[in-house]
Amino acid sequence: MDQLTASLTALVSVSDSCFRAEVFQMFRSMLGAWIVCLGRRTISRVWETTGRSQSEDHSAAFRLFSEAGWNWDEVCRLLILDILAHLVPGMQVWLVVDDTLCHKRGAHVAFGGIFLDPVMSTAKHKLFRFGNNWVTMGDEVQLPFRPDRYYCLNVLWRVCEKRGSKPLAEHRTKPQLAAEMVQKIAAWLPQYKLHVVADVAYLGQSLMKDRAPNVELIGPVRWDTVLTEPLPPSARRGRKRGDRLPPLKEILKGNDPRWPAARIRLVYPRGEKELDVKVIRNVCWYQASGPRPLMVVLVQDPEGKWRDEVLLSTDATLTAEQVVAGYCRRWCVEVAYADSKGLLGLHDPEVWCANSVQRAHPMSWYVGSLVVLWYALFGKEEQTPQRHRPWYQHKPAVTFADMLATCRYNLWQHWLATSASPAELAERQAWLLEYLATAA
């Protein structure tokens, strides 16, 4: 099955200028097959799903990822513009940065290394596995038909190498790769205000030091972070920093009148919660961002169910509620990672050269973002296949699995309906039954 519906073709065709004509045709075929593929999404299985494996050589599918002249940055620049045009109202964009491990095997896999697997690790037991460590940048969107959650549509990514795999001057840490992606998106969208949400591993000097004027950062920092007051105009010559603030834990537990405690009601997609906060405005973190003023929100749950948190925002115009709610959005990237691994085969491509690794695995993120965009624009009006599970009474209205199933169902329907004759329809049905029977 290598045909796309008219609605999906309209979304994919935006990127045709990023490819030569013959390469784009192969990209389209592999994209459609990636969506409907059953079993592991190895390149050979996806190629088999196109239905062309008996009549055409399979090497063209592998060359799409290993040798063809195209790159994901150009494709993703057009994808994010499409997402903003249809799913993001206004001129403020919320982005989330994080990393995940893609499991691999083989001594010669490009960018391979042993990394912490956070999904399989616990607080007491850390598990390390061999694979590729990916840093991703996702656009956080809220869809009208699912107001109870945010969706993370990954739009840019970089693979991180272990230190020592290349000269030290060329090595890039995960925060440096994240900063590179933020700068690139800021250059693509100079008219938008970008709010980048990151966790404690990323919120530091790499992201904060030379950020673009239209970029603001939100995320947690360590409790032992050294914050200072701004340097007063009357400070003596040679002095570079203001007075040091007390430790953050002391500020949270203490009763200093400079930082009074307040109770806020946090409204988030799944409900409401009361939190005690202390806001510290106009402070400096010289180690990370120099003398630029920052805002810090200390958060404590009076019920003790949420851990104490210290959240930093480079945008001092935000309220405490906006900072806490903005950080809560970060969880959607974990759901996107789970969907890409469980439903779209992030781990599956058996490739090892540098080009193939950097192109084949991210196909799952591109397909995932494209499916959500398609469903939001066209798919919700299409027939949705139902899972017959009468014992499952409290399922949310629409999940990503439902969106993917609807897109897959729509593609299969279109493929069968466009048969030129009854003989061709029977041939396609026979092929489909055989394909279903061989799905692992």
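This is a predicted model: local features need pLDDT of at least 70, side-chain atom pairs count only at pLDDT 80 or more; totals for chains, interfaces and linings use all residues.
Helices in this tour are DSSP runs of at least four residues, numbered from the N terminus.

**The whole chain**

Viewed along its principal axes, the C-alpha trace spans about 90 × 55 × 45 Å. Of the 440 residues, 51% count as buried. Among contacts with a separation of 6 or more, 66% are made by residues 24 or more positions apart.

**First stop: Thr9**

Select Thr9, which lies in helix α1, residues 6-12. Its relative accessible area is 18%, and Thr9 is therefore buried, the cut-off being under 20%. Show the surrounding side chains next. Apart from neighbours within four places in sequence, Thr9 is in contact with Leu4 and Arg28.

Select residues 21-36, which form helix α2. This helix has 16 residues and reaches 23 Å from its first C-alpha to its last, close to the 22 Å expected at 1.5 Å a residue. Helix α2 is mostly covered, with 13 of its 16 residues buried.

Two packed helices are described by the angle between their axes and the distance between the axes.

Which residues in α2 meet α4? On the α2 side, select Val23, Met26, Phe27 and Met30; on the α4 side, select Ala60, Ala61, Leu64 and Phe65. By class, this contact has eight nonpolar, no polar and no charged residues.

Most residues other than glycine have a negative phi.

Select Phe111, found in the loop between β1 (92-103) and β2 (113-116). Phe111 has a positive phi of about 65° although it is not a glycine. Is its side of the chain buried or exposed? At 17% relative accessibility, Phe111 counts as buried.

Move to Asn282 in strand β8, residues 271-283. Phi of Asn282 is near 55°, again a positive value in a residue other than glycine. With a relative accessible area of 44%, Asn282 is partly exposed.

Select His388 in the loop between α13 (363-377) and α14 (400-417). His388 counts as exposed, at 71% relative accessibility.

**Last stop: helix α14**

Finish on helix α14. Its 18 residues should span 26 Å at 1.5 Å a residue, and the end C-alpha atoms are 26 Å apart, which agrees. Colour its buried residues, which include Phe400, Met403, Leu404, Leu411, Trp412 and Trp415. Asp402, Thr406, Arg408 and Asn410 are also among the buried residues of α14. What do the buried residues of α14 pack against? Their partners are α1, α2, β4 (151-160), α11 (332-342), α13 and α15 (422-437). Displaying these elements together brings the tour back to α1, the helix that holds Thr9.

Terms used. Residues are numbered from 1 along each chain as its sequence is written. Side-chain values use heavy atoms; hydrogens and water are left out. Helices (H or I, at least four residues) and strands (E, at least two) are DSSP runs, numbered from the N terminus. Buried means under 20% relative accessible area, exposed over 50%, partly exposed in between (1.4 Å probe, protein chains only). Contact means heavy atoms within 4.5 Å. The expected span of a helix is 1.5 Å times one less than its number of residues. Ala, Val, Leu, Ile, Met, Phe, Trp, Tyr, Cys and Pro count as nonpolar, Asp, Glu, Lys and Arg as charged, and the others, Gly among them, as polar.
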